[in-house]
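Reader: I have a structure open on my screen and would like to understand the terms used for it. Could you walk me through them?

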Amino acid sequence: MFFKGTVLGYLAVWEGQYGSWLNAVIKGLKAGKYFSNAVKLDSQFYDAYVGLGTLHYWRSAKLGVIRMLPFVADKREQGIEELKLAVEKSQ
């Protein structure tokens, strides 16, 4: 799960820089599902929190003004907390 999420995450970044914005979003969300599944399988696998934290932070950060709508969750703080957890606990 973790390695598939990592590969899809890198592909999403590449797509965002050189390819299609839509493909970047699709691959990024798939990567997030793989990281989420890795954490569900082992909640102490802290490396997966790097992927989740990055996804949660940047997905919210890139929404800009849309974040202010009532049905859109701002997950930047959650992303920062997941990244901090990974830094503190990961090997």
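This is a predicted model: local features need pLDDT of at least 70, side-chain atom pairs count only at pLDDT 80 or more; totals for chains, interfaces and linings use all residues.

Reader: Which residues are closest to the centre of the largest pocket?

Author: The space in that pocket comes to about 900 Å³. Of its 26 lining residues, Ala-12, Ala-24, Gly-28, Leu-55 and Trp-58 are the closest to the centre. Two or more lining residues come from each of helix 1 (2-18), helix 2 (21-41) and helix 3 (47-61). Helix 1 gives the most, with nine residues.

Reader: Why are helix 1 and helix 2 called roughly antiparallel?

Author: Their packing angle is about 160°, and angles over 145 degrees count as roughly antiparallel. Helix 1 and helix 2 are therefore roughly antiparallel to each other. Their axes lie 8 Å apart, and their crossing is left-handed.

Reader: What makes the contact between helix 1 and helix 2?

Author: Contact here means heavy atoms within 4.5 Å. On the helix 1 side, the residues include Phe-2, Leu-8, Ala-12 and Glu-15. On the helix 2 side, Ala-24, Gly-28, Tyr-34 and Phe-35 are among them. By class, this contact has nine nonpolar, six polar and four charged residues.

Terms used. Residues are numbered from 1 along each chain as its sequence is written. Side-chain values use heavy atoms; hydrogens and water are left out. On a 1 Å grid over the protein atoms alone, a cavity is a set of points where a 1.4 Å probe fits but cannot get out, and a pocket is an open set with protein on both sides within 12 Å along at least five of seven lines; lining residues have an atom within 4 Å of a point. Grid points are joined across faces, edges and corners, and a volume is the space filled by probe spheres set on the points. Helices (H or I, at least four residues) and strands (E, at least two) are DSSP runs, numbered from the N terminus. Axes are lines fitted to C-alpha atoms, for helices over the stretch in contact, and angles run from 0 to 180 degrees between N-to-C directions. Angles under 35 degrees count as roughly parallel, over 145 as roughly antiparallel, 65 to 115 as roughly perpendicular and the rest as oblique. A crossing is left-handed if the near helix is turned anticlockwise from the far one by less than a right angle, and right-handed if clockwise. Ala, Val, Leu, Ile, Met, Phe, Trp, Tyr, Cys and Pro count as nonpolar, Asp, Glu, Lys and Arg as charged, and the others, Gly among them, as polar.
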